[in-house]
Structure formats: C-alpha cells, structure tokens
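Reader: I am new to this structure. Please walk me through it, one feature at a time.

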Amino acid sequence: MDNNSLIELDNVAKVYEMGETQVSALKGVTYTIRKGDLLAIMGPSGSGKSTLMNIIGCLDKPSSGRYLLDGKEISTFDRNQLAEIRNKKIGFVFQNFNLLARTSALENTELPLLYSDVNTKKAREMALKSLEIVGLKGREHHKTNQISGGEKQRVAIARALVNSPSVILADEPTGNLDTKTGNEIMKIFTDLNEKEGITIILVTHDPEVAEVAKKAMYLRDGLIERIEGE
Ligand SMILES: Nc1ncnc2c1ncn2[C@@H]1O[C@H](COP(=O)(O)OP(=O)(O)O)[C@@H](O)[C@H]1O
Ligand SMILES: [Mg+2]
C-alpha cells in the first residue's frame, strides 16, 4: 500500500434493493485518494456521486469490493464501528448547511465534540479556533438565523474541521450560494487544503468549482469515466 494513501476504493460496487428491482448505483470503482488531495467528483445526475460519497463517509457500506480508510477495512464494519470512525475521521459539509436553527455559530461548531471525550473548556477552545480559521472571529455568538448563507457555510466548515478529521467531504457545498460567495467558500477549502494539508473531496455540478480542485473524477453510470489532474 502506498504510504500516502488515505482512501482506497477497490472495485467498490453498490446495489440498492427496491422490492423486486435492483439498482446498480456503483459498478466497480477503483481509485486511491492520497493525503492532501483536493478532489472534485463530477458527473450527471444519477451517476453515483452521492452513493460514492456516502460510502467514503462511512454512512453506507459497499455491496461488494473493498474500502480502506487510513488502512482500515471499512467494508467489514458494523453500524457502531462506522459511527465511531465517522466521528473521528470525517467532517461533513452539505449543500443546505444542516446547522441547528437559532443556535450560535459557536454551539454549532462544538456539536461534534459532544460525542467525543473532549471536556467542555477544551471543546470551546477548539471551536473558537475553527471559527477563526474560516474567518468568523467576532461572529461566534451570532445565531444561524442572523447570518448570511456564506456565513452559514463557514460555520458548517468550522464544524467539519473541529475534530481535526482526516478528510472533509462536501456535497455541492456552493450549490445554494451565489457565484461570489461560492468562490469565497472555495477559497476556504483551497486554503485548508494548501495551508493545513487537509484532504478534501467535494461533489459539484459547477465546472468552475471543479477547476479549483487539483483533481477531478468524472462518474458516469456508476463507473469512473475519466480522471483529470493526475
Ligand atoms: N436509497 C436508494 N435506493 C434506491 N436507489 C437509489 C438510492 N439512492 C440512489 N439510488 C439510485 O442510484 C443511482 C445513483 O444515485 P446517486 O448516487 O444519488 O447519484 P448522483 O448523486 O450522481 O445523482 C440512481 O439511479 C439513483 O436513483
Ligand atoms: Mg447526488
């Protein structure tokens, strides 16, 4: 195994069972994501992007094939083991932010630490640092209903960062933002990648967003059509 490999997908397939019918969402994806990669996943609707992100994010398991995260074979994990590894190693950012309503930026950012063994004082310090990294110093006590879409996504990124995850996964993180704000959010991702060395995988429909990533994977009908930037 390559020393720098973080995520190894080996012939990963996913079949959804829907009563009598089966949907093959992924048909054998083999690819290695290295520490420090900034990868965009692209492809038409229904090509398997979300399914792949769910597997990489340990929200779901492959039907067949192997998935290794940090050298650990995730395909064999049960629900509890998946939850634990998700908590430790993965930060999630969503298109619609998924923040707690009427709750402060600070409390939203601290949330993942509630499920860890970090004490409350330390949790607060870590959350403040994350918020500073995403440019929200001074805004910690603003509530989610008092901030803009771009600021909401910054809080979501701070929350994703707070655990020092091995990888941040973002599904259409600029999908609900105007172009200028979207560019600002992409700048945060590229800074995190370049300055903090954080591995980032994002799904996007927007070629301009993908352009910012170092590598792009194009999916079609559950298979990798091509990779750019290798
Ligand atoms: N939970 C599910 N149950 C059944 N079929 C699903 C489910 N999720 C996705 N699919 C199907 O799997 C295929 C890939 O979907 P998805 O991964 O969501 O693609 P994308 O994110 O690229 O639009 C599609 O045909 C979709 O209808
Ligand atoms: Mg999708």
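Author: Start with contacts, meaning two residues whose C-beta atoms, placed from the backbone, lie within 7 Å. In this protein, 70% of the contacts with a separation of 6 or more join residues 24 or more positions apart. A word on the source: this is a predicted model, where local features need pLDDT of at least 70, side-chain atom pairs count only at pLDDT 80 or more, and totals for chains, interfaces and linings use all residues. Residues are numbered from 1 along each chain as its sequence is written, while chains are lettered from A and ligands numbered from 1 in the order in which they are written.

Reader: How many helices and strands does the protein have?

Author: Helices (H or I, at least four residues) and strands (E, at least two) are DSSP runs, numbered from the N terminus. Here there are seven helices and ten strands. The radius of gyration, taken over C-alpha atoms, is compared with a globule rule of 2.2 Å times the number of residues to the power 0.38. The protein has a radius of gyration of 17 Å, close to the 17 Å from the rule for 230 residues, so it is as compact as a globular protein of that length. Its C-alpha trace spans about 50 × 40 × 40 Å along the principal axes.

Reader: What is the order of the strands in the open sheet of six?

Author: First the general idea. Strands of a sheet pair through backbone hydrogen bonds, either parallel or antiparallel. Two strands count as paired if DSSP finds at least two bridges between them. In this sheet the order is 6-7-8-3-9-10, and the pairing is mixed. Strand 6 (90-93) and strand 10 (223-228) are at the edges with a single partner strand each, so one side of each has no neighbour in the sheet. From one strand to the next, the twist averages 20°. For angles, axes are lines fitted to C-alpha atoms, for helices over the stretch in contact, and values run from 0 to 180 degrees between N-to-C directions.

Reader: Which way do strand 3 and strand 9 run, parallel or antiparallel?

Author: Parallel. Strand 3 (residues 38-42) and strand 9 (residues 215-220) are joined by four bridges. Look at Leu39: its bridge partner in strand 9 is Lys215. Strand 9 also pairs with strand 10, through five bridges, and that pair runs antiparallel. There, Ala216 faces Glu228 of strand 10. Two residues lie between the strands of this hairpin, and Asp221 has a positive phi near 50°.

Reader: Which residues surround ligand 1?

Author: A residue is near a molecule if its C-beta atom, placed from the backbone, lies within 6 Å of it. Among those around ligand 1 are Tyr16, Val23, Gly46, Lys49 and Thr51. Helix 1 gives the largest share of the shell, three residues. For classes, Ala, Val, Leu, Ile, Met, Phe, Trp, Tyr, Cys and Pro count as nonpolar, Asp, Glu, Lys and Arg as charged, and the others, Gly among them, as polar. The shell has four nonpolar, seven polar and one charged residues.

Reader: Is Leu177 buried or exposed?

Author: Count the other C-beta atoms, placed from the backbone, within 10 Å of a residue's own: 20 or more is buried, 12 or fewer exposed, in between partly exposed. Leu177 has 21, so it is buried. Leu177 sits in the loop between strand 7 and helix 6 (179-195). Beyond neighbours within four places in sequence, its contacts include Gly149, Gln153 and Ile185. Over the whole protein, 39% of the 230 residues are buried.

Reader: Where is Asn98?

Author: Asn98 is in the loop between strand 6 and helix 3 (105-114). Its phi is positive, near 50°, and it is not a glycine. Asn98 has 12 other C-beta atoms within 10 Å, so it is exposed.
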